[in-house]
Amino acid sequence: MSFSYIHPKNILVQTLQRLYDLGMTTTSGGNLSIKDDDGNIWITPSGIDKGSLRPEDIVKVTPDGTVIGKHRPSCELPFHRSVYGLREDVRAVLHAHSPALVAFSLTGRIPDPTLIPGAAKVCGKVAFAKYEVPGSEKLGKIIAAEFANGADSVIMENHGAVMCGQSIAEAFARFESLDYVARIQINATSLGKEKPLIGKLPKPNYPEFIPNVISAKECELRDELAIFRARAYKQRLLFSGSAFLSSRLGDDDFLVTPANFEPMYLDSLGMVRMFNGMREAGKVPSSATAICRNIFNHCPWVNSVIMTRPPYLMAYAVTGVPIDSRVIPESYIMMRDIKVLSAEEYFKNPNAVVELLSPANPVILIENCGILTTGKSLLEAFDRLEVCEFTAKCLLLASKLGKFNPINQEQVDEIISEFNLPK
């Protein structure tokens, strides 16, 4: 979503509402600001309910320090102003208290965004700032000093986190991505040591084509992809720059989400059509487009592919621990036995995924990279994704209670027979 023609007041209200709805701040917590071209700082107010903020509640602070508005500006204005004073490239500052990032701030640690693809690029340089009294000039100087040294994201000791960006969208993406990394690491603590990410996908240079026909089927699939994108984001199954969704249109013809898409706002027009190895003109497809194409060309039973990095499943992915799908009947019916693929093999061998996929193995866990689900339809692939994350969460919760008993082979055989599952 472009904020180019939206007033800073509305941008701040929309973004803070998003933070609040996602549980990343509380009624009284968090503050955001935007610096406009005239040097004014638009900032959220102090002591106002963040769950029902309105544009008229936003406060304007002019370059000479004059406060314009019916409320007092956030008590954290000093560090916002300090950051703007030291970083000419920064036009937005976001501070909030997500539980996962606060947990890291309490233990004096920084989440490791290098564990998963793309997160380090989104988060930028991450730093840690020592504690000072909230709203004080001392805290402002400490935070600003970290940003002056090149930080883009800062964990604040016993406090939370603050991110900067050239836009509020960039600052939000940094916050959301680092929060996801933090949650993944916390979830992984009960499984074992995290594995470092090795390698990355190549960047093919797809030639462009201009579609001369737009069928009713394509329109329907575009709408469906946008709907399931929204559902996945609402269910916290994906975050900024972390996923792809795709659906088959025909032979070597499919739709896929674009690279680095905004997970809350991507619409049907934003989807990218791929035809005979060419990309729809003017659009950049997901970095995993070659993987999608290979699956569609070699797996005729697959009509949709989804790959995301939800926080409970990623605890297994970053540790390389297999997921036991033999927990409840629904889990086994939807997931079957999940194959685990190393990140190194995923990056180096273009056929690694299709060699593991089959009607009896429709889901693959790729170390550090995510969970890949397939289906005869987008609904089936999405259903599998939901069940996978649900199962991972159940397993991690069960591990805190003690040893659990999986379904035995006889019970598995009975499920296969009763539901006529492929063997």
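Modeller: Helices (H or I, at least four residues) and strands (E, at least two) are DSSP runs, numbered from the N terminus. The structure under discussion is a predicted model. R236, for example, is placed in the loop between α7 (216-234) and β10 (244-250).

Biologist: What is phi of R236 near?

Modeller: Most residues other than glycine have a negative phi. R236 has a positive value, near 60°, and is not a glycine. With a relative accessibility of 16%, R236 counts as buried, because buried means under 20%.

Biologist: Where is N420 found, and is N420 buried or exposed?

Modeller: N420 belongs to the segment after α14 (409-418). Its phi is likewise positive, about 50°, although N420 is not a glycine. N420 counts as exposed, at 69% relative accessibility.

Biologist: Let us turn to strands. Which residues of strand β7 point one way, and which the other way?

Modeller: In a regular strand the side chains alternate between the two faces of the sheet. In β7 (residues 153-156), S153 and I155 point one way, V154 and M156 point the other way, and all are buried.

Biologist: How many bridges join β6 to β7, and do these strands run parallel or antiparallel?

Modeller: Strand β6 (residues 126-129) and β7 run parallel and are joined by 4 bridges. A129 has M156 in β7 as its bridge partner. Between β6 and β7 the chain passes through helix α5 (residues 137-148), and this β-α-β crossover is right-handed.

Biologist: How do β7 and β8 run, parallel or antiparallel?

Modeller: They run antiparallel, with 4 bridges between β7 and strand β8 (residues 160-165). Opposite I155 stands A161 in β8. The hairpin of β7 and β8 has 3 residues between the strands, and N158 there takes a positive phi near 55°.

Biologist: The next topic is charge. How many salt bridges does a search of the whole structure find?

Modeller: Side chains of opposite charge can pair when their charged atoms come close. The search finds 22 salt bridges in this structure. One of them joins R87 and D89, at 2.8 Å from N to O; R87 counts as buried at 11% relative accessibility, while D89 counts as partly exposed at 36%. Another joins D57 and R54, at 4.0 Å from N to O. D57 is buried, with a relative accessible area of 4%, and R54 is partly exposed, with 43%.

Biologist: In which helix do R183 and D179 lie?

Modeller: Both lie in helix α6 (residues 168-188), 4 residues apart, which is about one turn of the helix. D179 counts as buried, at 3% relative accessibility. Elsewhere, a network of salt bridges links E218, R222, D253, R273, E280 and K283.

Biologist: Which residues touch the most other members of the largest nonpolar core?

Modeller: In soluble globular proteins, nonpolar side chains tend to be buried together. Here the largest nonpolar core has 76 residues, and those touching the most other members are L19, L94, L101, I116, F175 and I323. Helix α6 supplies the largest share of this core, 10 residues. Another core, of 28 residues, lies apart from it and has M274, A288, F296 and A343 among them.

Biologist: With which residues is L19 in contact, leaving aside its neighbours within four places in sequence?

Modeller: L19 is then in contact with M24, T25, L32, L94, A96, F172 and F175.

Key:
Residues are numbered from 1 along each chain as its sequence is written. This is a predicted model: local features need pLDDT of at least 70, side-chain atom pairs count only at pLDDT 80 or more; totals for chains, interfaces and linings use all residues. Side-chain values use heavy atoms; hydrogens and water are left out. Buried means under 20% relative accessible area, exposed over 50%, partly exposed in between (1.4 Å probe, protein chains only). Two strands pair if DSSP finds at least two bridges between them. A crossover is right-handed if, with the strands pointing away from the viewer, the path from the first strand over the helix to the second runs clockwise. A salt bridge is a side-chain nitrogen of Lys or Arg within 4 Å of a carboxyl oxygen of Asp or Glu. A nonpolar core is a set of buried Ala, Val, Leu, Ile, Met, Phe, Trp, Tyr and Cys residues joined through side-chain atoms within 4.5 Å. Contact means heavy atoms within 4.5 Å.
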